[in-house]
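Trainee: I'd like to learn how to read a protein model. Could you walk me through it?

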Amino acid sequence: MNDEILKRVQSNPKFVELVHKKTGLGWKLTLIMLVIYYGFILMLAFAPKTLGTPIAAGATTTIGMPIGVLIILSAFVLTGIYVRKANNEFDVLNKQIVEEAKQ
Amino acid sequence: MKPQFPRIAAAVLLATPGLALAADALSGEVKRQPLNWHAIIMFFIFVAGTLAITYWAARRTRSASDFYAAGGGISGLQNGLAIAGDYMSAASFLGISAMVYEKGYDGLIYSMGFLVGWPIILFLVAERLRNLGKYTFADVASYRLQQTPVRSFAATGTLVTVTIYLIAQMVGAGKLIQLLFGMNYISAVLIVGVLMMLYVVFGGMLATTWVQIIKAVMLLCGASFMAFMVLRHAGFSFEHMFQMAVTVHAKGLAIMSPGGLVSNPVDAISLGVALMFGTAGLPHILMRFFTVADAREARKSVFYATGFIGYFYILTFIIGFGAIMLVLNQPGMMETVVKNGKQVTQLIGGNNMAAIHLADAVGGDLFLGFISAVAFATILAVVAGLTLSGASAVSHDLYANVFRRGRSNEKDEIRVSKYATLALGVVAILLGIAFENQNVAFMVGLAFSVAASANFPVLFLSMFWRGLTTRGAVMGGFIGLTSAVLLIVLGPTVWVDVLKHKEAIFPYKNPAIFSMTLAFVFTWLISALDTSKAANDEKAKFDAQFVRSMTGIGATGASKH
């Protein structure tokens, strides 16, 4: 990449928008994942009994079971949200930036 | 067989200080089982198929790009399956289902940690990695820094991680072969080593990827069937399944709640850190992002991989409980052995065999044969991927860019990587013989700690922080690497359990939270104090790197076949 292209991309408002949106979403979703997972770990560390509470009176299943499965599902859902947004929105923007950099 | 090999084993042990010196591995009994023809025949069908693929791939593997990155022609879905395949190693299949079988809920905690790293890789690493790198993660880490020191560090980090991971895989191979195939131990380990070398040397990344994809599909199908049969047995009611498990398990209701895996908060968080960020530092996984055409496909691969891996962990959890229900205390499944002078009743072949025995219980001989063959295939595929990534570090990073300073030709580089593959194959065989009776899931945890503390911080900061300098990256990275290894040696798992000291010098089992923090702090500090001219030049190059990482302008494209 030569300096001219670099300058052109950096000064393109679409690039600023892409960086803003893409990194913004990336960090936001990262934070959500961290909160979910470390929230669980902290619960594990400080209140392990909570997770061992039966799901209903007399049940063997504890609430830790569905919580665990939900955390696994949340990881999948969060990646889905990101990929959808990136495929539909960021890629379009990115394509325009690349095209405009060539001119 | 073992008495013939103590010397080799001892040599390997001495050569790999700190890797949970498995002195115990030499004391167990090898129990050969009768030949299992179903398993052997199915395994040979798999081998014949994969060798055919290797032949096909060999004719398409000419350039370095073909060899390291399958020419960049793998699709997002294929790569997602291959990544999931790398991740669903025999260690996680057998190790995690065994952990669920032994401890119940704790096994789920472990697998959760393995999964939640994936979204983070997608959000922060995958696309940038694809846009900046060519064959190895060192390409990215050294993008605007000095090649020699940074690549030397990255290659060291790669080789250490790969070696520990290889141990876990080869241990799995050894265990399986004793129990499943009734084959002579040494010759079976040799078969794994030789096949793996054939795949990698002749078929490069293309063959390695397809072997991984086929195995991933087989494993997912087999595990789905097992989970289905377990649920059917429980009348498709989880409540019923848990009830039956609690009734027969020695720990009773305790298996339904978190137990001893995370005995204190620091250890719990530290384990989480290792699993989460270690994934983003595993060289054989990072390498897969260079096999797809562009950032878009890289992104899709993580989405598919996360789905497959998540589904797989839910299956292993059901399989673990199924083993409690259908295998524990069943006639013909248990044996009594003497461990450390005490009589212990365990599953035949050890508790790591829980999933295998369950296959027998739900599907009979034929299905047992299938799952055995799949488990063996898993080891082969993962070992091939690991070896390719280790070999790339030697040839692409150390030989081509450090030793020849970027002036080698492609032919020589490929040749070196093939020699490196052979050398790593021999090392893997020797390690397979040396470390037999260790808990394989624990060894994988160890690899994750090192990956999180050495590879991840440097890779992450190189992409996100303008201020990173060569000095900071190399010194900080090595501090992370040595502190992770040192703290594991001084911690309870090695200092007490292996070296038999009374009390651990370092109180925690999982060092990642300390070693990773040390790496970040020192990388930052040393970089910030570095005011040399070279450092200023490196910082100035960040803008161009950032634009390329975001847009893909100038990124290595896919070669057309």
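Predicted model: local features only at pLDDT ≥ 70, side-chain atom pairs only at ≥ 80, totals over all residues.

Trainee: Which kinds of residues make up the contact of α4(A) with α13(B)?

Mentor: Sort them by class: there are 13 nonpolar, 6 polar and 4 charged residues in the contact of α4(A) with α13(B). On the α4(A) side you'll find, among others, Val69(A), Ile72(A), Phe76(A) and Asp91(A). The α13(B) side includes Arg296(B), Lys300(B), Phe303(B) and Phe321(B).

Trainee: And how do α6(B) and α21(B) lie relative to each other?

Mentor: Helix α6 of chain B (residues 105-132) and helix α21 of chain B (residues 542-551) pack at about 115°, with axes 7 Å apart. Angles of 65 to 115 degrees count as roughly perpendicular, and α6(B) and α21(B) are therefore roughly perpendicular to each other. This time the crossing is right-handed.

Trainee: Which residues of α6(B) and α21(B) meet there?

Mentor: From α6(B) come Glu127(B), Arg128(B), Asn131(B) and Leu132(B). They meet Gln545(B), Arg548(B), Ser549(B), Met550(B) and Thr551(B) of α21(B). By class, that contact of α6(B) with α21(B) has 2 nonpolar, 4 polar and 3 charged residues.

Trainee: Now the core. How many residues does the largest nonpolar core have?

Mentor: To read a core, follow the buried nonpolar residues that are joined through their side chains. The largest one here has 221 residues, and Trp118(B), Phe321(B) and Ile356(B) have the most contacts inside it. Its largest share, 25 residues, comes from helix α9 of chain B, residues 185-233.

Trainee: Which residues does Ile356(B) contact?

Mentor: If you skip neighbours within four places in sequence, Ile356(B) is in contact with Leu94(B), Leu176(B), Leu179(B), Leu180(B), Leu368(B), Ile371(B) and Ala375(B). Two of those names come back with Asn36(B), which touches Leu180(B) and Leu368(B), along with Phe181(B) and Ser372(B), again not counting residues up to four places away.

Trainee: Where does Asn36(B) lie, and is it buried or exposed?

Mentor: Asn36(B) is in the loop between α1 (6-15) and α2 (37-58) of chain B. Buried means under 20% relative accessible area, so at 13% Asn36(B) counts as buried. For a helix case, take Thr161(B) in α8 of chain B. With a relative accessible area of 1%, Thr161(B) is buried too. Its contacts beyond four places in sequence include Leu282(B), Pro283(B) and Asn455(B).

Trainee: Last one, backbone angles. What is phi of Ala70(B)?

Mentor: Phi of Ala70(B) is near 50°, positive in a residue other than glycine. Ala70(B) sits in the loop between α3 (64-69) and α4 (76-87) of chain B. Asn329(B) isn't a glycine either, and has a positive phi of about 60°.

How values were computed:
Residues numbered from 1 in each chain as written. Chains lettered and ligands numbered in written order. Heavy atoms only, no water. Axes fitted to C-alpha atoms, helices over the stretch in contact; angles between N-to-C directions. Helix = DSSP H or I, 4+ residues; strand = E, 2+ residues; numbered from the N terminus. Parallel < 35°, antiparallel > 145°, perpendicular 65-115°, else oblique. Left-handed = near helix turned anticlockwise from the far one by under 90°. Contact = heavy atoms within 4.5 Å. Nonpolar A, V, L, I, M, F, W, Y, C, P; charged D, E, K, R; others polar. Core = buried A, V, L, I, M, F, W, Y, C linked by side-chain atoms within 4.5 Å. Buried < 20%, exposed > 50% of the residue type's maximum accessible area, 1.4 Å probe, protein only.
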